[in-house]
Amino acid sequence: MGTDHGIPASLQDGVHVGLLTFRVPSLHREQGNPSPLDTKASLVGAWLEVGITCWITLYAVEALPACPFSCKCDSRSLEVDCSGLGLTSVPPDLPAATRTLLLLNNKLAALPSWAFANLSSLQRLDLSNNFLDQLPSSIFGDLTNLTELQLRNNSIRTLDRDLLQHSPLLRHLDLSINGLAQLPLGLFDGLPALRSLSLRSNRLQNLDRLTFEPLASLQLLQVGDNPWECDCNLREFKHWLEWFSYRGGRLDQLACTLPKELRGKDMRVVPVEMFNYCSQLEDENSSAGLDIPGPPCTKAGPEPAKPKPGAEPEPEPSTACPQKQRYRPVSVRRAIGTVIIAGVVCGIVCIMMVVAAAYGCIYASLMAKYHRELKKRQPLMGDPEGEHEEQKQISSVA
């Protein structure tokens with residue numbers, strides 16, 4: 001019988017000694033000198049050999065951790081690889097000492113809250129490329145040492161606020177290629193060590209700045225391929241992105257989808273002045289809330305009754321709906337302002353040209369008049385009085 005790994009040397013020596021002891025009589029029997037004592041000794045030796053072999057087998061089974069059926073287990077790295085097996089549920093017999101669990105490329109659609117119970121040593125969990133649409137709030141409750149969580153390419157639409165509250169050591173989180181339309185406030189409150197976060201290819205239109213403020217250690221944020229609406233709801237998140245980039249964070253492109261004037265532009269390069277109208281809208285909404293409610297307006301009401309002859313008609317309160325001012329994009333308002341300023345400048349230039357033309361006409365008429373009078377009063381040649389008078393007239397005209 002060969003030597004088994006994990007069995008003490010003293011135990012192995014004892015087994016071989018026992019076998020050798022009981023095999024010696026059997027050798028004598030083979031030499032043609034059988035005896036009843038030798039026969040009994042050989043039977044006892046055979047039973048002892050079978051018992052010790054069973055005991056060694058049980059000892060080896062208990063010493064090594066159990067590996068789920070069809071999965072691959074690495075005893076050195078404590079990794080359990082159950083990927084690509086078409087599983088519809090998590091194997092229940094996972095070793096408690098598992099540090100890496102790979103469940104990607106399966107058919108997992110729903111997970112119970114106890115799916116990863118008693119796996120407190122787990123550090124890396126990969127659930128990518130499955131059909132998960134919702135996760136229980138306490139499913140990761142026992143994973144206190146989890147550092148990497150991969151949920152890429154599933155059908156997750158909503159996340160519970162307390163989903164990650166029991167994994168304070170989490171550093172890498174991938175939620176890309178899902179159906180997330182929003183993130184609950186407080187989802188990242190218990191993740192001070194998170195360094196990379198991927199939210200690519202979801203249905204996110206806007207995000208709240210308060211959701212990301214607890215991520216003081218964040219270094220990489222991926223938010224591309226989402227239908228972002230670059231409006232007032234995204235203004236505060238834009239300010240946070242500027243602060244994130246200023247402290248050295250890496251961010252992929254956040255391209256606007258709406259409004260049409262900003263489609264395809266990166267949110268970070270949109271000037272802050274484009275959001276000045278947000279404060280105006282907030283003021284209008286706040287003032288509108290203080291107005292006294294009046295009668296409901298009607299678009300087409302009944303015709304008013306005709307007044308009696310001889311009586312003055314009494315004024316009736318108007319129930320017509322006020323015309324709602326149409327929202328104009330910032331680019332259109334800027335264009336209108338530019339046209340107005342250009343018109344004012346052109347008007348001033350035209351006025352200056354008219355004044356200059358009038359001054360030229362007046363000057364020309366005065367000079368013509370002077371020349372006519374000069375011809376009429378032309379003095380004789382060499383007359384000093386005439387020359388003196390001519391100089392006076394020229395100075396007076398000038």
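Modeller: The model is predicted, so local features need pLDDT of at least 70 and side-chain atom pairs count only at pLDDT 80 or more, while totals for chains, interfaces and linings use all residues. Residues are numbered from 1 along each chain as its sequence is written, and side-chain values use heavy atoms, with hydrogens and water left out.

A disulfide is a pair of cysteine sulfur atoms within 2.5 Å. By this rule, the count is 3 disulfides.

One of them joins cysteine 67 to cysteine 73, with an S to S distance of 1.9 Å. The angle about its S-S bond is 90°, and the link is right-handed. Cysteine 67 has a relative accessible area of 34% and is therefore partly exposed; cysteine 73, at 37%, also counts as partly exposed.

Another disulfide runs from cysteine 71 to cysteine 82, at 2.1 Å from S to S. The torsion about the S-S bond of cysteine 71 and cysteine 82 is about 115°, so this disulfide is right-handed. The pair links distant parts of the chain, 11 residues apart: cysteine 71 is in the loop between α2 (36-63) and β1 (72-74), and cysteine 82 is in the loop between β2 (79-81) and β3 (100-102). These names refer to DSSP runs numbered from the N terminus, helices being H or I of at least four residues and strands being E of at least two. Both cysteine 71 and cysteine 82 are buried.

A further disulfide joins cysteine 230 to cysteine 256, where the S to S distance is 1.8 Å. With -95° about the S-S bond, the link of cysteine 230 and cysteine 256 is left-handed. Cysteine 230 lies in the loop between β9 (228-229) and α4 (235-246) and cysteine 256 in strand β11 (residues 256-258), so the pair ties together parts that are 26 residues apart in sequence. Cysteine 230 counts as buried because its relative accessibility is 3%, and cysteine 256 is buried, likewise at 3%.

By contrast, cysteine 346 is in no disulfide; the nearest cysteine sulfur is that of cysteine 350, 6.5 Å away. Cysteine 346 has a relative accessible area of 48%, so it is partly exposed.

A nonpolar core is a set of buried Ala, Val, Leu, Ile, Met, Phe, Trp, Tyr and Cys residues joined through side-chain atoms within 4.5 Å. The largest such core has 59 residues, of which Phe116, Leu125, Phe140, Leu197, Phe212 and Leu221 touch the most other members. Helix α4 gives the largest share of this core, 4 residues. Contact means heavy atoms within 4.5 Å; leaving aside neighbours within four places in sequence, leucine 221 is in contact with residues including Leu197, Phe212, Trp240, Leu241 and Phe244. In soluble globular proteins, nonpolar side chains tend to be buried together.

A cis peptide bond joins leucine 258 and proline 259, with omega about -5°. Proline 259 is placed in the loop between β11 and α5 (276-290).

Terms used:
Buried < 20%, exposed > 50% of the residue type's maximum accessible area, 1.4 Å probe, protein only.
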